[in-house]
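Reader: Please take one part of this model and go through it closely, with the cut-offs stated as you go. I am interested in the charged side chains and in how they pair.

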Amino acid sequence: TNDGALLYPQVTATRRMQSLDGIWRFRFDPESEGERDGWPETGLPDAAQVPVPASFNDLFTDKASREYTGDFWYETEFVAPGEWRDKDLFLRFDAATHRADVFVNGIPVGSHEGGFTPFAVRVNDAVRWNEANRLVVRLNNELSHASLPAGTTGTLPDGTKVSGPYFDFFNYAGLQRPVRLIAVPAEAVTGYTTTYELHKDGSAIVHYTVETRGLRPEDTLRVRLIDEVGSVVADAQGAEGELAVAYARLWDVRDAHLYRIEFTILDGTGNAAAADGGVIDEYHDEIGIRTVEVRDREILLNGRPVYLRGFGRHEDSAINGRGENLAVVTRDFELMKWCGANSFRTSHYPYSEEELRLADREGFLVIDEVAAVGFMKSLMNFLDAAKDDDEHRGRGFFDDPDVMTRTLHVHKAALDELFTRDRNHPSVIMWSLMNEPDSASEAAVPYFRAIFDHARTLDPQHRPLTYTNLMMAAAGRDRCHGFADVICLNRYYGWYVQGGYQLSGAKAAFMAEMDRWMQIEPDKPFVFTEYGADTAAGVHKLPSVQWSEEYQCEYLKMQHEVFDAYPAVVGEQMWNLCDFQTGEGIMRVDGNRKGAFTRDRQPKAAAFLLRERWNDATRHQ
Ligand SMILES: CCCN1C[C@@H](O)[C@H](O)[C@@H](C(=O)O)C1
């Protein structure tokens with residue numbers, strides 16, 4: 001249920017919030033017996049203690065816990081303050097990975113599929129006011145061809161389930177982002193949209209719509225825009241309208257100017273209590289006045305071409321796993337700014353709301369990616385081992401008969417949630433609808449058409465739509481590039497192909513493919529959303545060898561020479577900002593080592609190379 005609880009939580013004159021973060025009780029449920037055994041009512045027997053937010057995987061010392069696949073449970077308690085009883089009370093989970101069923105005092109109050117977008121469940125009918133209430137949540141982290149991210153679930157000889165990710169990051173799971181108890185008035189703002197019109201005289205118009213619940217005809221919906229010094233620069237009334245700003249401070253790349261947009265529902269009966277000034281609901285947010293469009297083979301921000309410099313990343317750190325860690329988020333922005341970056345992609349799933357709010361404030365350009373990764377069967381860290389479970393053996397991902405029904409349904413729902421959550425962020429300039437799908441297969445075409453057609457209906461700002469193309473669907477093989485507004489390529493010439501001493505051959509092959517792309521897509525801009533080489537920090541070799549820091553620099557230099565040879569290239573996002581955890585395998589050394597920085601956020605030589613290239617003011621913007 002939405003009902004205004006999906007808006008980013010805040011305390012205002014009419015809204016209340018209580019964090020439930022901290023130590024919760026936890027236990028695995030490999031036989032899925034917890035509900036039958038009454039855990040929602042009685043709580044978790046023999047429970048461990050774990051932190052929320054965090055992944056559970058890296059907390060324990062046994063492999064069965066790290067690799068656990070199946071049902072697992074969390075439990076805590078909370079007091080429902082009696083003062084809030086006239087409001088709607090929600091539990092808001094910023095992320096429960098990959099799916100959750102929520103129980104309060106043994107009563108099922110809601111479920112959610114998808115581990116990277118928030119959901120809220122209304123609990124008024126289940127709580128006891130001014131008393132402790134038992135909150136029990138069942139999660140599950142199994143992968144399938146209808147899960148985002150995609151994969152498979154195998155079993156060991158003794159029946160223990162095993163995750164088979166079709167993606168190159170560890171299948172971390174748990175309550176990985178904050179959990180809150182929030183109270184929202186029965187008559188409330190539940191959502192809003194903004195679009196922007198810039199004028200040559202420096203003025204701008206903010207076109208808005210507001211979604212409400214329970215708005216009475218006699219009440220007034222007031223909308224105000226407040227600038228950085230606290231002045232009300234525009235105001236309007238009604239569920240849709242425009243805010244005319246005479247001198248607009250535009251939001252621009254690495255030059256962010258934010259406005260506070262304020263929604264107030266005012267009691268129109270005239271007999272409102274003087275105490276609350278007749279305010280029925282109040283919600284505010286930060287927006288940036290800016291436009292994004294693709295034109296003449298450029299990405300234009302406020303009508304001017306931008307060049308994306310930055311990284312593919314992961315929400316990933318030691319111990320936390322994929323658990324939100326604001327210190328790591330802060331350090332990552334610091335590293336990106338130190339490198340002279342201005343952009344990143346939320347590879348390969350929506351990042352936390354806190355991350356995007358920081359990108360808004362820092363003026364970063366974000367490619368916002370839904371968790372539709374693994375739509376190409378590959379196991380063992382990206383070798384297409386074609387080793388697959390019996391049900392799908394030998395067929396391409398999109399040949400699966402359920403893909404146009406079950407997978408498409410889950411994918412569309414994930415897009416609905418992503419766009420609703422992120423549509424008002426000025427930092428979001430493009431939407432990536434899939435990461436490395438098998439776009440060379442004929443069966444992919446109807447799926448792409450369905451998902452791109454759906455996505456086109458979701459964004460009032462009509463930001464460019466894309467997906468990231470992988471080498472197995474190189475120029476001439478990819479059948480889906482026509483759907484994308486911007487061509488995003490993940491390329492590894494000099495790493496996965498023709499590496500090491502063959503680097504010159506890799507460059508020739510890379511340019512041959514690019515020449516082909518220039519014929520196939522002569523009018524679209526190109527962004528490299530991945531390029532990188534695994535590098536063990538501290539390994540030095542003269543002359544270089546692959547995995548040495550010297551080779552990573554040689555590799556990057558070659559990529560940049562190719563990018564600079566094609567004016568159609570308007571962005572370069574190196575893979576990856578930091579080393580990150582993956583499943584174990586013969587191609588990963590306690591994770592993926594393509595970072596410009598180590599997992600504890602310290603530089604390899606490549607970081608200095610990027611800093612020199614990206615801080616060179618004579619280059620792109
Ligand atoms: C086709 C390869 C795409 N790319 C996906 C990303 O998730 C992986 O980490 C990266 C890699 O192999 O380092 C490859």
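Author: E354 has a relative accessibility of 14%, so it counts as buried; that term means under 20% relative accessible area, with over 50% called exposed and anything in between partly exposed (1.4 Å probe, protein chains only). Salt bridges with shared partners put E354 into one network with R92, D94, R180 and E353. A salt bridge here is a side-chain nitrogen of Lys or Arg within 4 Å of a carboxyl oxygen of Asp or Glu.

Some notes on the basis of these values come next. The model is predicted, so local features need pLDDT of at least 70 and side-chain atom pairs count only at pLDDT 80 or more, while totals for chains, interfaces and linings use all residues. Residues are numbered from 1 along each chain as its sequence is written, and side-chain values use heavy atoms, with hydrogens and water left out.

Helices (H or I, at least four residues) and strands (E, at least two) are DSSP runs numbered from the N terminus. R180, at 11% relative accessibility, also counts as buried.

R180 has a salt bridge with D94 as well, where the closest N and O atoms are 2.8 Å apart. R180 sits in strand β12 (residues 179–184) and D94 in the loop between β5 (88–93) and β6 (99–104), so this pair ties together parts that are 86 residues apart in sequence. R180 and D94 are both buried.

As background, side chains of opposite charge can pair when their charged atoms come close.

By the rule above, the count of salt bridges comes to 55. Another of them joins R138 to E35, with 2.9 Å between the closest N and O atoms. R138 is in strand β9 (residues 132–140), whereas E35 is in the loop between β2 (22–29) and α1 (39–42), so the pair ties together parts that are 103 residues apart in sequence. On the arginine side of this pair, R138 is buried, with a relative accessible area of 16%.
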